[in-house]
Amino acid sequence: MSALPSGGSYLLPFILLAPLLAMFIIVFLPKEETKTIKIVAALGTFTSMVLSLYAFFAYNQAAGGMQFTLTIPWVPDLGVNLAFGVDGISLPMLLLTNLIGFSSIYASWNMEKRAKEFFALLLILITGVMGTFIARDLFIFFLFYEIVVIPIYIMVIIWGSTKRVSKEYAGMKLTIYLLIGSAFLLVGMVALYLAAAKQGHPTFMFDQLAARQNLYSAPFQKVAFGLMLFGFGSLISMFPFHSWSPDGYAGAPTAVSMIHAGVLKKIGGYGLIRLGIYVLPIGAKYWAPVIAVLAIANVLYAAFIALAQKDLKYVIGYSSVSHMGYVLIAIAALNPTAVGGAVAMMFAHGVMSALFFSMIGFIYEKTHTRNIPDLGGLAHQMPRLATGFIIAGMASLGLPSTINFISEFTIFMGTIKALPVQAILGIAGIIFTAVYTLRVIANVMFGPRRSEWDHLKDIKGAELVPLVVLGFVIFATGIFPNILFGLVNTGVTSSGLAKVLETVSQAKMGGLF
Amino acid sequence: MVDFNIFAVLTPEVALAAMALILLAIGLLIPPGARKGMMPLTAFSLIGILSYTLYDFYFGTKTSFMNGLYWHDQFALYFKVLFLAAALLVVLSSGGYIQKLPKYRGEFYSLILTATLGMMLMAGAGELITLYVGLELMTISFYILVAYLSEDARSSEAGIKYLVLGATSSAILLYGISLIYGLTGSTQLSEIASGLGATLTPTSFLATVFILAGLGFKISLVPFHLWAPDIYEGAPTPVTAFLAIASKAAAFAALIRVYLITMNSQSFSATGQTLLMVLAALTMIIGNLVAIPQKNIKRMLSYSSIAQAGYLMVGIIAESIPGVKGVLFYAMIYVFANMGAFAVATHISEKQGSDEIQDFAGLARRSPLAAVVMTASLLSLAGIPPLAGFVGKFYLFSAVMGQGYTAIAYIGFVMSMVSVYYYLSVVKVMFLGEGEGLPDIPVHGAVKFTMLFTMIITIAIGIYPTPLAQMAIAAAQSLVQ
């Protein structure tokens, strides 16, 4: 890309800093000026979104690998580099973050309670998530990851809602789960760092950690991957560490649910691919059978529970746990097709769940209830909202022409050879997904017109932004999947992942079962 | 023979002693109504000494004199910078608080300075008696400071408790020193190391454990920690801050020098290592778990500081340059993080007359700056990036894992995540509660400066730790030479 004097591209730092800059401006605005605050927040995220769209299309797919890189030595004695860069795996995640970040500002457009603090924290949250995806250094990756935890906690306890569990409980549960998970992650990370530092200069760079694979013995890889699986697994709500997720989403304000379910969770899957498979392939091979079984538990168990939920947010919360099962199966299959599918699925699910949560947010804002039996026939009064809700629902059950269909299809294509039983069980899961999704749509949107909702106004103006942006992405990438898959495939093939996976599959490791 | 000007080397100590006496005299001469100037006077003299020490750290002569009685190396200077910074921040944040006291205002600052002087002696001591003198100078100043609120029964009670327990621990320390002297015929650390040899006898074992217990009391290492919560709660808040931060760091300075120079050469190394490891683990676990149910901010911070001592011990266990570097680095950021929290606590205590956590309700609305500073400080103590605490813990735990002790690092990481629970519960009260009926308490002047300064340092070091890390490495290497 553009060769700057220092040999790096400043595009990614700009994308990262735009929301942060907006945050600083907001801090100095008077707190009564809620309109200005929202506009500044929207501008900040809009800049990031446009720039990341540019990066998405300017990425040289033929060349592949990390692009738009920038490396600044940061803590020389530890070997930490402030290194940014994106490849075919992280770039979709970056774009996803910005799409959702931008929409989440508009999903909170009617927020009046302590708006200044809300938008400042939301922007920090978006910056933190973005940072994890563009970091090429494990230390920086972790730094950004932990930045997001505290704003989420504060946002849940102040702007959250108390339903089945109190918002304080939900916030604390979410925080503690993620932090305990990250404690194990940290131990794994330090162990990996020390193992890699045995030869050459100490480093945290992903590519160098991966290049020094011969330094990691098989037992070490098993232990280290196990630690990371625990950490990233809690984050991606892998069964049985998933229970924070529905409670957390139900307690959180709409924007936080969107970002959390949409992108934050994906850090878990991204980490497992970037750190697990690339750096510790033997460990991945060893744990893959376990992941596959737990993933099926995710898909089926969470789908069953979603069937029985009465609160809209709980349905979507469990559905997102269920969908993460597909990502985990794909990772466990350990072949390029499936991993590509996993990345696409993370993107697809992110867009879909963000749209779902934003629509639920509007329903709750207008009707003051999320209880499914209390709702009904909303499509009569709010056709536009119903459209968004149905698009999200259709994407959720994997209707062809949505990106979700193509991702699921790719995952099963990749999985069926490696893990036939699990793949078939997983496909069975789609049936349950269809059942609960259609049930929710039917009970909330359709049915006889109810006069108590006649006073409700349909979503309009700024409120339409999430629907338009996210809905457009679902169909655009669904009908022209090459927009996304071209990039993802470069990420999987050109980064040497295919080679890694091939050697792993030949290695006679056995595994647990 | 000394081939350098001994007074040039000792300038900070001499200046500090002189200043302590001058303040005492001023306190006597000036009528009680006109003593407002004492705080700025102390602060400016501390700034002067601090900047000289910083200069000395980088460019001054490094030496030891009187046959290694007193070391003037970068290790000692690093800790001197730390003590002076802590003293300065305590003085700056306590202006209003002390102004409210009915009498004895002048002595307060004078005593802070003598305590600081004692700490500086401890950091430089290369010999056990000097170490003991420094320790007693510090501790006796603290006996008075803890009981400073003479009308407050709790403060007096805390003072008496500290006196009794502190005297006992000093006795144990002295007994350990006398055993060492009996065994080796010397109180010089380097001579002790060669005198003790490599074989472990019951007596040398007893002596080392006694010394560890004496210093462990100051560090509030479990099981010598039981005094801390009561005394921290009863003492005036600025004194609690100074006690929790600087006196602990001073004991660590002494412990590192004594442990790494003398005890290391012995085969005690193996058993002592296990002992220290168990104690460090217990300290982290008990400190963090008992902090959870606390309702009083000072008690909570005192248990948290017990836990922090556990983290610091981990670095000593590593017995390596990275380990010592970790301790030094963490001790310095611990000053700023804890000082931020205590500055807010002092402010609340001064304006609302209460130390209960529930009285922090709605602080985010009533005093946004204080709430933000408190949050940043607590999260840094918890080790959440991008605040300084994270990098500090990373140095400590990676050092100990580098020596192959993975289990203790596990405990450390998990316990620091547990600690987030009680730190966040304070954050929750500040941000969630409306705080109805409680007054608006904006911060001004020196207190505002202290708060902002600690927060900026905490964030800046967290994001770019290199300068402090290099200072810490230099100091750690100077110790090994």
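Author: Start with the ring rule. Rings of Phe, Tyr and Trp (its six-membered ring) pair if their centres lie within 6.5 Å; planes under 30 degrees apart count as stacked, over 60 as edge-to-face and the rest as tilted. Over all chains, the structure holds 55 aromatic pairs. One of them joins Phe141(A) and Tyr270(A): the ring centres are 6.4 Å apart and the planes stand at 35°, so this pair is tilted. The pair links distant parts of the chain, 129 residues apart. Phe141(A) belongs to helix α5 (residues 138-147) of chain A, and Tyr270(A) to helix α12 (residues 266-279) of chain A. Helices (H or I, at least four residues) and strands (E, at least two) are DSSP runs, numbered from the N terminus. Both Phe141(A) and Tyr270(A) are buried. Buried means under 20% relative accessible area, exposed over 50%, and partly exposed in between (1.4 Å probe, protein chains only).

Now take Phe449(B) and Phe453(B). Their ring centres lie 5.5 Å apart with planes at 15°, so the pair is stacked. The two residues are separated by about one helical turn, because they are four residues apart in helix α20 (residues 445-463) of chain B. Phe449(B) is partly exposed, at 46% relative accessible area. Phe453(B) is partly exposed too, at 32%.

Ring pairs also build a cluster in chain B. Its members are Tyr55(B), Phe57(B), Tyr58(B), Phe59(B), Phe75(B), Tyr78(B), Phe79(B) and Phe83(B).

A word on provenance. This is a predicted model, where local features need pLDDT of at least 70, side-chain atom pairs count only at pLDDT 80 or more, and totals for chains, interfaces and linings use all residues. Residues are numbered from 1 along each chain as its sequence is written, chains are lettered from A and ligands numbered from 1 in the order in which they are written, and side-chain values use heavy atoms, with hydrogens and water left out.

Charges meet rings as well. A charge sits over a ring if NZ of Lys or CZ of Arg is within 6 Å of the ring centre and within 35 degrees of the ring normal. The charged end of Arg274(A) is over the ring of Tyr278(A), 5.8 Å from its centre. Arg370(A) lies over the face of Tyr364(A), and here the distance to the ring centre is 5.1 Å.

Phenylalanines also figure in the largest nonpolar core, which has 395 residues. A nonpolar core is a set of buried Ala, Val, Leu, Ile, Met, Phe, Trp, Tyr and Cys residues joined through side-chain atoms within 4.5 Å. Phe119(A), Leu122(A), Phe389(A), Phe83(B), Phe142(B) and Phe242(B) touch the most other members. Phe83(B) also belongs to the ring cluster. What does Phe119(A) touch, not counting residues up to four places away in sequence? The list is Ile26(A), Ile37(A), Lys38(A), Ala41(A), Ile105(A), Ser108(A) and Met111(A). Contact means heavy atoms within 4.5 Å.

Last, the chain interface. The contact takes 34 residues from chain A and 32 residues from chain B. The area buried between the chains is about 3100 Å², and carbon and sulfur atoms give 82% of it. Buried area is the accessible area (1.4 Å probe) that two parts lose on being put together, summed over both. The rule finds one salt bridge across this interface. Lys325(B) forms a salt bridge with Asp77(A), with the closest N and O atoms 2.8 Å apart. The cut-off is a side-chain nitrogen of Lys or Arg within 4 Å of a carboxyl oxygen of Asp or Glu.
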